[in-house]
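Visitor: Can we look at how rings and charges sit together in this one? Show me the structure, and start with the rule you use.

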Amino acid sequence: MVNLDLDFVREQFPVFSHAESAGWAHLENAGGSYVPKQVISLMNDFFTLSKVQPYWDFGPSVKAGESMDRALELLPVTFNAERDEVHFGPSTSQNTYVLAQSLRPGWETGDEIIVTNQDHEANVGAWRRLEASGIKVNEWKVDSESGLLDIGDLEKLVNARTRLLAITHASNLAATINPIRELAALIHDVGGIVVTDGVSFAPHAAIDVKQLDCDIYLYSTYKTYGPHVGLMYTSPRVLRAASNQGHFFNSDKPTSRLTPAGPDHAAIAACAGIIDYYEDIFSHHFGGSGPSSLREKICRVFELFGEHEQTIMTPLVEYVVSRADFRLIGSPSSDRTVRAPTIAFHSHSRPSREIYSSLIDAGVSCGHGNFYAHRLVEAVGLDADDGVVRLSLVHYNTAEEVAKALNVLDGIAP
């Protein structure tokens with residue numbers, strides 16, 4: 001049995017040894033993770049040595065192109081996908097918007113799409129706007145107490161004119177893992193496609209689009225220890241159906257059709273550092289033993305991450321559930337196969353901002369509000385501005401950091 005070497009993990013992140021930041025317990029990872037030295041080094045190298053137009057024959061330009069190509073080759077493995085199936089864009093929000101515009105020409109007036117009120121607005125807003133062009137938008141609603149979705153309610157919405165379901169893999173507030181493969185089967189039966197927002201799930205498990213059988217999967221690398229880039233997997237079927245949104249002379253290039261404006265070249269190159277980080281974690285824990293393929297290594301690394309995250313999330317989930325004056329959004333389970341380690345809750349007697357301020361005063365990084373899941377917060381009966389308190393963990397967090405947050409919460413009277 002190999003356990004995550006947390007000291008080694010935290011040594012990879014300069015922020016934990018920096019005088020200005022080391023004192024904070026960073027429990028706002030769902031809003032953005034810290035970055036390891038492997039990513040920082042590549043970003044620094046690019047800006048220092050090759051911040052020029054890439055792909056020409058002079059030295060710095062050659063280096064720039066090679067650095068970008070390395071990331072373009074490596075990052076698709078995080079989806080278990082091929083290079084031509086993964087698109088780099090400025091953000092997940094923009095990737096989703098471009099995708100919606102590309103698919104609309106293939107649908108007829110009166111065709112239907114399904115969105116939820118559990119999702120981050122980035123995954124539903126672009127689809128909802130298509131209502132103005134004659135598409136019927138059906139909303140799959142959450143339970144008003146738990147914030148969870150019931151597949152039985154979805155079945156009532158699906159019909160022969162359903163063209164798409166937009167669904168979060170795990171909500172950035174409810175955090176409970178939705179059964180993507182089961183949902184895909186239901187939508188595929190009527191010829192529709194499934195768009196899965198994995199932004200809040202991708203930091204916690206190895207994504208496998210083949211196993212999920214989804215048509216589109218999106219996540220943001222700034223949530224997975226990298227720079228601010230949006231990644232989008234599209235199945236060959238979707239790419240064939242999508243109208244070209246890039247320059248006309250790039251219409252025959254698979255990864256240009258849905259990228260009218262790519263992200264910063266240095267950010268693309270630095271994404272390779274995410275993979276370098278995973279490989280260093282694997283080498284430290286397993287040496288030369290075990291699997292040799294990069295995909296298998298990443299899966300092993302995420303097993304280590306997930307086991308540790310479950311261990312440190314459990315006392316936090318159990319504490320929130322134990323408080324009669326608190327309500328946890330999503331499942332009360334701390335099993336990592338059921339929920340991601342994002343804990344969103346509110347008090348029945350105190351504003352979320354008050355609890356948030358107490359945590360901040362104690363050196364706990366967190367947030368409060370709706371976190372762009374505006375519709376979900378309102379659906380569970382809360383004011384969208386005050387919203388919930390959110391404490392979100394990743395593998396580099398410690399039991400001591402969680403205990404620090406619990407100590408603050410325990411001092412808040414009902």
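Guide: A charge sits over a ring if NZ of Lys or CZ of Arg is within 6 Å of the ring centre and within 35 degrees of the ring normal. The charged end of arginine 323 sits over the ring of phenylalanine 326, 4.2 Å from its centre. Residues are numbered from 1 along each chain as its sequence is written. This is a predicted model, where local features need pLDDT of at least 70, side-chain atom pairs count only at pLDDT 80 or more, and totals for chains, interfaces and linings use all residues; side-chain values use heavy atoms, with hydrogens and water left out.

Visitor: Which ring does the charged end of arginine 10 sit over?

Guide: That of phenylalanine 16, with 3.8 Å to the ring centre.

Visitor: OK, ring pairs. How many aromatic pairs are there?

Guide: The count is 21. Rings of Phe, Tyr and Trp (its six-membered ring) pair if their centres lie within 6.5 Å; planes under 30 degrees apart are stacked, over 60 edge-to-face, the rest tilted.

Visitor: Why is the pair of tyrosine 277 and phenylalanine 305 stacked?

Guide: Because their planes are at 25°, with the centres 6.5 Å apart.

Visitor: Is tyrosine 277 buried or exposed?

Guide: Buried, at 0% relative accessible area. Buried means under 20%, exposed over 50%, partly exposed in between (1.4 Å probe, protein chains only). Phenylalanine 305 is also buried, at 0%.

Visitor: What about tyrosine 278 and phenylalanine 302?

Guide: Their planes are at 70° and their centres 5.2 Å apart, so this pair is edge-to-face. Tyrosine 278 is buried at 4%, and phenylalanine 302 at 6%.
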